[in-house]
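Biologist: Please take a close look at a single part of this model and connect it to its surroundings. State the cut-off behind each term once.

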Amino acid sequence: MAHSTAADIFARHHDDVYRYLVRMTGHRDVADDLSQEVFLRVVRALANGGRVGHERGWIFAIARNLVADRHRRGENHMRPAENAPESAQDGTQALAFDLAQSFARLAEADRDVFLLKEVGGLSYEEIAEVCDCTVEGVRARLRRTRVALRAMLSL
């Protein structure tokens with residue numbers, strides 16, 4: 001996109017980036033902080049004359065790298081929740097709890113690719129670019145992850 005402003009980029013991508021970060025970190029407050037850092041980096045890059053090629057992929061690459069940096073520093077490793085909800089009127093809370101536990105059990109790379117696709121809405125090509133792998137590698141990882149999630153959730 002030609003000459004996007006930081007505000008335009010924020011408006012287009014903030015919600016998806018935030019949801020991705022919540023699911024990758026398991027914490028809304030951490031996702032808030034990381035989301036702010038993502039868009040601060042966007043502002044800095046644009047102010048320094050940076051050009052945006054594949055905007056969505058670029059934004060999610062920044063977000064993914066920030067999560068990876070936290071993990072390398074030993075911060076915020078996603079873990080399965082310890083206590084199931086005590087009551088779930090319609091089963092929604094129980095399903096959300098099961099899903100959160102299943103996500104936490106996935107390998108980080110599997111969770112990452114799955115969330116880039118399902119939450120971020122990135123194409124296979126964009127995910128391959130963000131994750132520095134092949135499109136076929138992305139397809140294979142998504143297949144394995146979906147099978148694993150179905151098995152964990154007994155769907």
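Modeller: Ser102 is placed in helix 4, residues 92-105. Helices here are DSSP runs of H or I with at least four residues, strands are runs of E with at least two, and both are numbered from the N terminus. The model is predicted, so local features need pLDDT of at least 70 and side-chain atom pairs count only at pLDDT 80 or more, while totals for chains, interfaces and linings use all residues. Residues are numbered from 1 along each chain as its sequence is written, and side-chain values use heavy atoms, with hydrogens and water left out.

Ser102 has a relative accessibility of 1% and therefore counts as buried. Buried means under 20% relative accessible area, exposed means over 50%, and partly exposed lies in between, with a 1.4 Å probe and protein chains only. Apart from neighbours within four places in sequence, Ser102 is in contact (heavy atoms within 4.5 Å) with Leu149, Met152 and Leu153.

The setting is a protein chain with 7 helices and 0 strands, which reads α-α-α-α-α-α-α along the sequence. Of its 155 residues, 39% count as buried. Among contacts with a separation of 6 or more, 64% join residues 24 or more positions apart. The chain exposes about 9,100 Å², of which carbon and sulfur atoms supply 49%; the areas come from the Shrake-Rupley method with a 1.4 Å probe, and for residues only the protein chains shown count as cover.

The largest nonpolar core has 36 residues, and those with the most contacts inside it are Val17, Tyr20, Leu21, Val38 and Leu116. Such a core is a set of buried Ala, Val, Leu, Ile, Met, Phe, Trp, Tyr and Cys residues joined through side-chain atoms within 4.5 Å. Helix 1 (6-25), helix 2 (28-47), helix 3, helix 5, helix 6 and helix 7 each supply at least two residues of this core.

Outside the four places on either side in sequence, Tyr20 touches Phe60, Ala63, Arg64, Asp112, Leu115, Leu116 and Val119. The side chains of Asp112 and Tyr20 make a polar contact at 2.3 Å. A polar contact is a pair of N or O atoms within 3.5 Å; within protein, one must be able to donate a hydrogen and the other to accept it, and residues adjacent in sequence count only if both atoms are side-chain atoms. Not counting residues up to four places away in sequence, Asp112 touches Tyr20, Met24, Arg64 and Cys131.

The structure holds 2 aromatic pairs. Rings of Phe, Tyr and Trp (its six-membered ring) pair if their centres lie within 6.5 Å; planes under 30 degrees apart count as stacked, over 60 as edge-to-face and the rest as tilted. Phe10 and Phe39 pair edge-to-face, 5.0 Å centre to centre with 75° between the planes. This pair links Phe10 in helix 1 with Phe39 in helix 2, 29 residues apart. Phe10 is partly exposed at 40% relative accessible area, whereas Phe39 is buried at 8%. Tyr20 and Phe60 also form an edge-to-face pair, 5.5 Å centre to centre with 75° between the planes. Tyr20 belongs to helix 1 and Phe60 to helix 3, so the pair ties together parts that are 40 residues apart in sequence. Both Tyr20 and Phe60 are buried.

The loop between helix 6 and helix 7 contains Asp132. Most residues other than glycine have a negative phi. Asp132 is not a glycine, yet has a positive phi of about 55°. Asp132 is exposed, at 72% relative accessible area. Thr134 lies in the loop between helix 6 and helix 7 and is exposed at 51%. The side chain of Thr134 reaches the backbone nitrogen of Gly137 at 2.8 Å. Thr134 and Tyr124 are 10 residues apart in sequence and 8.9 Å apart in space, C-alpha to C-alpha.
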